[in-house]
Amino acid sequence: MEWKIACLQLDIAFGNPTENKQQVHKQFEQLRDEHPDVVILPELWSTGYDLTRLEEIADENGEKTKTLISQLARTYHTHIVAGSIAKKTNNGITNTMYIVNRHGEVVSEYSKVHLFQLMDEHLYLQAGDQLGLFTLDETSCAGVICYDIRFPEWIRVHTAKGAEILFVVAEWPLARLSHWRTLLQARAIENQCYVIACNRAGSDPNNVFAGHSLVIDPWGGIIAEADEHPGIVTATIDLKKVKEVRKKIPIFADRRPDLYHT
Ligand SMILES: NC(=O)CCC(=O)C(=O)O
């Protein structure tokens, strides 16, 4: 089975959900004739890192976001890995990803497990503690958020449980672009999975962001890469390739988890 993928590399308007939603609508309309199977948005795409105003602008239980992306999924008949948003809960605000299928059903949600202190997340956000596994078209997938890619053991938990595609949504700064590319390629090679990584472009008051959204195959080959500007990156992935690579070098069968204690 093949999937057409589209990453929306947005220049997120700082603290302005209304403007960001308009941008998302425009980009879906731009994609209308391409009929993508999966559309991916970046991290905190509705608010950006306007952390000091999150109490005011975060989405109460993610309700508005879920309604919006369900409508988009139904209208454009596409699965959506809806980046992440600031979700207001009774226990604080989380950095939460929603996944909706092409029928508009929310199939999963994942809250960022590793909070990134360099961007003050630990001061404003609560960490999640659940896996990011989900299934689309009977394909086992995982979704993680930005800093999570620095934790290979966290990604491995997902692929050891069967994930064949890893979706990464991010606001990754330009200052560490080389880490972004290297870490994503390493996660693809060591897990023999597709890595589909959607970063933001542009800047906010504290950072210039890298763009360079990437689609990487299970052999580590880069099949699509954006530049640093806002735009849409598309690629077609062949899901057979995961099984082929895993058969050629059977790392999941060869693992020795009984020895891997830290
Ligand atoms: N938004 C993030 O989690 C950024 C992570 C990052 O920049 C890193 O270097 O890690």
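Student: Where is serine 111 placed?
Tutor: Serine 111 is in strand 7, residues 106–111. Helices (H or I, at least four residues) and strands (E, at least two) are DSSP runs, numbered from the N terminus. The model is predicted: local features need pLDDT of at least 70, side-chain atom pairs count only at pLDDT 80 or more, and totals for chains, interfaces and linings use all residues. Residues are numbered from 1 along each chain as its sequence is written, and side-chain values use heavy atoms, with hydrogens and water left out.

Student: Why does serine 111 count as buried?
Tutor: Buried means under 20% relative accessible area, exposed over 50%, and partly exposed in between (1.4 Å probe, protein chains only). Serine 111 has 15% relative accessibility, so serine 111 counts as buried.

Student: Which residues is serine 111 in contact with, leaving aside its neighbours within four places in sequence?
Tutor: They are Thr94, Asn95, Thr96 and Gly128, where contact means heavy atoms within 4.5 Å.

Student: What joins the side chains of serine 111 and threonine 96?
Tutor: A polar contact of 2.7 Å. The term asks for a pair of N or O atoms within 3.5 Å; within protein, one must be able to donate a hydrogen and the other to accept it, and residues adjacent in sequence count only if both atoms are side-chain atoms.

Student: Why does the span of helix 6 agree with its number of residues?
Tutor: The expected span is 1.5 Å times one less than the number of residues. For the 15 residues of helix 6 (177–191) that gives 21 Å, and the end C-alpha atoms are 21 Å apart, so the two agree.

Student: Which residues of helix 6 are buried?
Tutor: Leu177, Trp180, Leu183, Leu184, Arg187, Ala188 and Asn191. They cover an arc of only 140 degrees around the axis, so they are on the same side of helix 6. The arc is that of the directions from the helix axis to the C-beta atoms. The face turned away from the buried side carries the exposed residues Ser178 and Thr182.

Student: Which residues have the most contacts inside the largest nonpolar core?
Tutor: Trp3, Ile40, Phe167 and Trp180, in a core of 50 residues. A nonpolar core is a set of buried Ala, Val, Leu, Ile, Met, Phe, Trp, Tyr and Cys residues joined through side-chain atoms within 4.5 Å.

Student: What makes the buried residues of helix 7 line one face?
Tutor: The buried residues there are Val242, Val245 and Arg246. Seen down the axis of helix 7, they fall within an arc of 100 degrees, so they line one face.
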